[in-house]
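Dear colleague,

Here is the structure I promised to pass on, and my notes on it follow below. Please read them with the model open beside you.

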There are 2 protein chains.
Amino acid sequence: MATIKDIAARLGVSISTVSKGLNGASDISEELRQTVLDTAVEMGYSTKRSRKVENRKLALFIENMNYESIDEFGYDVVLGFKQNAFKHKWDVDIIPVTPQLQAEEKYDTYILKNGYCGAFLVGFALHDEWMQQLKNTTMPTVLFDNYIENNPNVAYVGTDSYEGIDMAVKHLHNLGHKKIAFINGSLFSLVSDQRQEAFENSMRDAGLEIYPELMGHGYYIPETAQYYVSNFIAAGATAILCGSDTIAKGVISECQLHGFNVPNDISVVGFDDVKFAAALTPPLTTIRQERNDLGRCAYIILNSLIHHIPISRTQLRPMLIERESTARVSTAHAAEE
Amino acid sequence: MATIKDIAARLGVSISTVSKGLNGASDISEELRQTVLDTAVEMGYSTKRSRKVENRKLALFIENMNYESIDEFGYDVVLGFKQNAFKHKWDVDIIPVTPQLQAEEKYDTYILKNGYCGAFLVGFALHDEWMQQLKNTTMPTVLFDNYIENNPNVAYVGTDSYEGIDMAVKHLHNLGHKKIAFINGSLFSLVSDQRQEAFENSMRDAGLEIYPELMGHGYYIPETAQYYVSNFIAAGATAILCGSDTIAKGVISECQLHGFNVPNDISVVGFDDVKFAAALTPPLTTIRQERNDLGRCAYIILNSLIHHIPISRTQLRPMLIERESTARVSTAHAAEE
């Protein structure tokens with residue numbers, strides 16, 4: 001691992017100049033500082049964490065996820081992280097990230113320049129530039145719902161999708177449903193892949209047939225439902241499992257628009273249990289993600305990484321919340337079998 | 001969830017008698033105390049954890065695993081757990097467990113009777129009586145290398161077997177090995193199942209053929225090697241991947257006994273990196289489990305469960321430790337292909 005001396009030698013400057021650059025002293029130019037930082041990152045320099053911990057500053061980078069209103073998925077995740085970090089006397093900066101910021105500055109450089117001891121990343125997608133850089137980051141980093149192979153500085157935190165989807169499928173199966181449709185979240189995401197595999201495993205374990213025409217993907221927005229609901233019902237689905245409560249909300253509207261009653265004609269299950277789920281008509285049966293706990297847990301795992309415990313992944317238990325959007329399959333449908 | 005009042009009503013005794021029974025007061029008979037405890041457990045009574053935390057006593061139950069000498073796998077796991085617990089002002093009792101103890105007393109009763117706030121279980125097997133009871137335990141419990149479905153009071157801590165086995169297979173493949181044999185640990189264990197699946201996945205990903213006659217299972221003892229090594233070499237294996245360093249030690253002896261040189265004729269890879277691995281002749285290439293960190297992490301997860309964060313599983317990164325028991329496949333073997 002490169003030392004300050006190595007960086008000084010490479011740049012042909014003094015050790016104290018490198019040190020000033022790394023620590024953000026005011027008596028060197030911004031341009032020289034950037035050169036020092038870029039070189040440090042390129043050479044794999046990493047701060048001696050246990051000594052730097054007195055900074056007690058963590059970054060929470062957030063992209064593609066709303067978190068400012070209590071109704072939004074990210075709200076409690078951010079809150080839980082901050083609550084646990086504050087309790088342990090860390091400061092947290094919340095930093096919304098755009099593709100442009102990622103193009104302008106390398107991930108490690110940003111962390112180093114701003115004196116963070118580690119970061120929690122929420123809402124990033126696999127193709128994001130910083131995600132690519134995480135394969136080699138030397139900064140303690142916790143990712144929400146994303147996984148990086150073989151780098152002991154990066155850990156993944158999320159809800160166990162397999163157990164969650166399995167609870168939903170078992171719940172519907174217990175209510176007599178056999179033709180269960182699935183509207184999954186966005187393609188090319190770790191959790192969508194997990195949930196797809198989980199759905200197929202659970203259906204198989206329950207002895208239920210998987211119909212490719214009863215499965216679809218879409219963004220986590222209500223409009224996703226429009227592409228699927230009519231076709232799924234026409235193909236005989238009696239229940240629709242959704243990748244998020246937002247999609248489920250769209251499914252319920254769509255059913256009602258076409259004159260189908262939820263849950264008497266069609267049962268609907270969501271995922272997440274965000275605030276509005278209980279207030280829908282009918283109130284939504286869903287798989288709860290403990291978002292505040294996910295945030296708290298992310299802090300615990302980040303703190304462990306900072307203390308050199310190489311955690312790779314941590315998953316939380318989901319929970320089935322039974323409300324009124326699911327019911328026993330109608331006798332008309334049961335008779336068709 | 002049952003309260004002290006419910007227990008009193010069921011037994012037809014006063015609330016203060018139940019309270020005395022639960023708290024181990026000296027002025028009720030041992031027999032009545034046991035009845036109170038058994039009833040409390042049967043009715044799903046659980047102590048109000050956040051209030052009871054002033055006890056600050058944790059149990060570390062250990063079975064089928066040696067931990068008293070620094071050479072043994074369990075030593076650092078136990079040490080790491082105790083170190084982190086002590087640092088956070090918890091007392092830890094180390095309790096060796098026999099099948100007899102499990103038959104005599106229910107898991108929850110034992111915990112409740114002795115005033116523990118939670119427990120870490122190491123070395124238990126799937127068929128153990130207490131393992132069965134964990135499906136419904138209300139006590140915060142962390143299991144090493146074992147997983148319980150659907151109970152938010154129980155979490156699993158272990159090393160990521162998939163990444164570990166993949167590192168080993170890639171390492172051997174990079175050295176030109178194609179016929180790679182695998183001696184896995186005991187059957188009917190979660191980690192053996194994971195490693196078996198991991199081995200087959202990794203071989204497939206590397207484009208290597210899997211030979212059923214080059215795979216075996218056995219106890220984590222050197223003698224396991226005797227059943228396999230000659231046959232594997234006769235069948236053309238040029239490398240043997242082992243489920244533990246102890247098995248690998250037996251494999252090296254067995255090779256030498258039959259006149260084969262490690263690594264010139266046969267490469268050998270272990271798993272764990274216990275203390276003796278570096279001292280073998282030749283020093284063993286192996287997949288390191290950070291045992292002290294596993295113990296530290298188990299404490300962190302147990303403390304999270306005690307604070308009602310429903311962690312389901314946490315895995316640590318393995319690390320490939322390259323020593324001299326692996327080498328480039330011999331040209332004689334390479335020519336055969």
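Strand 11 of chain A (residues 311–316) pairs with strand 11 of chain B (residues 311–316) in the antiparallel sense, over five bridges; two strands pair if DSSP finds at least two bridges between them, and strands (E, at least two residues) and helices (H or I, at least four) are DSSP runs numbered from the N terminus. Within this pairing, Leu316(A) has Ile311(B) as its bridge partner.

Before going further, please note that this is a predicted model, in which local features need pLDDT of at least 70 and side-chain atom pairs count only at pLDDT 80 or more, whereas totals for chains, interfaces and linings use all residues. Residues are numbered from 1 along each chain as its sequence is written, chains are lettered from A and ligands numbered from 1 in the order in which they are written, and side-chain values use heavy atoms, with hydrogens and water left out.

Turning to the interface, 26 residues of chain A are in contact (heavy atoms within 4.5 Å) with 26 residues of chain B. The two chains bury about 2100 Å² between them, 52% of it on carbon and sulfur atoms, where buried area is the accessible area (1.4 Å probe) that two parts lose on being put together, summed over both. Of the area that chain A buries against chain B, 30% comes from Ile309(A), Pro310(A) and Arg317(A), more than from any other three residues.

There are two salt bridges between the chains, a salt bridge being a side-chain nitrogen of Lys or Arg within 4 Å of a carboxyl oxygen of Asp or Glu. Arg313(B) forms a salt bridge with Asp160(A), and their closest N and O atoms are 2.9 Å apart. On the side of chain A that touches chain B, helix 9 (161–174), helix 13 (291–306) and strand 11 each supply at least two residues, and strand 11 gives the most, with six.

Lastly, the peptide bond from Thr281(A) to Pro282(A) is cis, with omega near -5 degrees, and Pro282(A) lies in the loop between strand 9 (267–272) and strand 10 (285–288) of chain A.

With best wishes
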